[in-house]
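Have the viewer open while you read.

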Amino acid sequence: MNLYQLRYFALLARIGHFRKTAEQLCIAQPSLSHSIALLEQELGVSLFEKQGRRSVLTSEGLQFLTYVEKSLEILDEGILDMQHIAMGEGIIELGFLRTLGVEFIPEMARRFLESQKDKNIYFKFHTGITASLIDGLKDEKYDLVFCTKRESEPNIEFFPVSRQDLVVIVPRNHPLSKRYTISLEELGPYPQVCFSHSSGLRSIIDNLFKKIHVTPQVAYEIEEDIVIAGLVSKGFGVAVVPYMADLLRMDVKIIQIASPYWERNFYMATLKTHHLTPVVQNFHNYVIHQYSDNL
C-alpha cells in the first residue's frame with residue numbers, strides 16, 4: 001500500500017467511474033484498475049462493486065474511505081505547513097533581557113516583520129536574565145536570545161548587536177544627587193543595591209570595583225535592573241545599573257561614571273548545534289545584516 005493508491009482510491013470513490021478517474025489522474029485506465037486491485041488484495045476486501053456503468057463503494061469501501069480521507073487531510077495539512085515553513089513562515093521563539101524589551105527588541109521585530117509583509121510570521125517573546133536565557137537556549141526552548149556574553153560557552157555563537165553605558169543612580173534627596181559625573185570610588189561609603197550573582201552584570205560591576213580597590217557595601221541583591229532602580233528611588237541605597245529609558249520616569253538621579261569607564265555590550269546568541277528553521281534563519285541573517293555596522 002502506498003500514498004498513490006490511497007489518493008487513487010479516494011478520487012475513484014468520489015467520481016465513481018474508472019475511465020474518468022484515470023483521465024483526471026492522467027494515467028492509463030488499466031494502471032488505475034491494477035492499483036485498486038492490489039489495494040483490495042492487500043486489505044482482503046472488495047472496495048468497489050459495479051452498478052451499471054458506475055463503480056460504487058461497498059460497505060467495506062465506505063468504511064475504509066473515512067480513514068483514508070482523515071489520513072489524507074492530516075497529511076495534506078502537514079505538507080502545507082512544511083511548504084509555508086520552507087517559504088520562511090512560522091514562529092520565532094525569542095528570548096531577551098528585559099532592558100532590551102523597552103525599545104530595541106520591539107523596534108527590531110517590527111522592522112523585520114515590515115520587510116516580510118507577504119509572509120505569516122509570529123514572534124513568541126520571553127524575558128529573563130542572561131543565565132536563564134542561555135539555559136533556555138541550550139534546552140532549545142528559544143531559537144535565539146539577546147543577552148550579555150558569557151565566557152566558556154563553546155557551543156554558543158555570540159554576535160554583538162548593541163551596547164549600553166553603565167551609570168550610577170541615587171535617590172533624589174541623596175548627598176550625591178547634585179552631581180553630574182562621579183568616580184566609583186566615591187560610592188564606597190554608601191550602601192548599594194546590587195545585581196545578584198546569577199546576573200551577568202554582577203561580575204562586571206564587581207571587577208570595576210576591584211580595579212579601584214573598593215569593596216562595595218552590599219545592602220541588597222536583586223536580579224532585575226528595574227527592581228534595583230525602584231529600591232534606589234525609595235532610599236534603599238545607591239546602585240550601578242545599565243542606562244535605560246525607564247530611569248527617566250523614576251524618582252532617581254542619573255549620574256555618569258567618569259572612571260573607570262565601561263560600557264555593556266549586548267549580543268544575539270545562537271546554539272551552534274540547533275537547527276534553524278527558514279524563518280529563524282532569515283531573522284538571524286536580517287539582524288546580522290542590519291546591525292553589523294552599528295558597533
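## Cavities and helix contacts

The lining of the largest cavity splits into four nonpolar, five polar and five charged residues. In that count, Ala, Val, Leu, Ile, Met, Phe, Trp, Tyr, Cys and Pro are nonpolar, Asp, Glu, Lys and Arg are charged, and the others, Gly among them, are polar. Before going on: this is a predicted model, where local features need pLDDT of at least 70, side-chain atom pairs count only at pLDDT 80 or more, and totals for chains, interfaces and linings use all residues. Residues are numbered from 1 along each chain as its sequence is written, and side-chain values use heavy atoms, with hydrogens and water left out.

A search of the whole structure turns up two cavities of 30 Å³ or more. A cavity here is a set of points, on a 1 Å grid over the protein atoms alone, where a 1.4 Å probe fits but cannot get out, and lining residues have an atom within 4 Å of a point. Volume is the space filled by probe spheres set on the points.

| Cavity | Volume |
|---|---|
| Largest | about 120 Å³ |

Of the 14 residues lining the largest cavity, Leu97, Ile129, Glu223, Asp225 and Arg264 lie nearest its centre. The second largest cavity has a lining of eight nonpolar, one polar and two charged residues. Strand S8 (191–195), helix H7 (200–211) and strand S10 (239–242) each give at least two residues to that lining, which includes Phe195, Phe209 and Val240. Helices (H or I, at least four residues) and strands (E, at least two) are DSSP runs, numbered from the N terminus.

On to the helix pairs. H1 (residues 3–15) and H4 (residues 59–86) pack at about 120° with axes 10 Å apart, which makes H1 oblique to H4. Axes are lines fitted to C-alpha atoms over the stretch in contact, and angles run from 0 to 180 degrees between N-to-C directions. Under 35 degrees is roughly parallel, over 145 roughly antiparallel, 65 to 115 roughly perpendicular, and the rest oblique. Contacts (heavy atoms within 4.5 Å) involve Leu3, Leu6 and Phe9 of H1, among others, and H4 residues including Phe64, Leu65 and Leu72. By class, this contact has eleven nonpolar, one polar and two charged residues.

H5 (residues 104–115) and H9 (residues 278–291) come within 11 Å, crossing at roughly 115°, and are therefore roughly perpendicular. Among the residues that meet are Phe104 and Met108 in H5 and Phe283 and Tyr286 in H9. That contact divides into eight nonpolar, two polar and one charged.

How values were computed. 1 Å grid on protein atoms, 1.4 Å probe; cavity = no way out; pocket = protein on both sides within 12 Å on 5 of 7 lines; lining within 4 Å.
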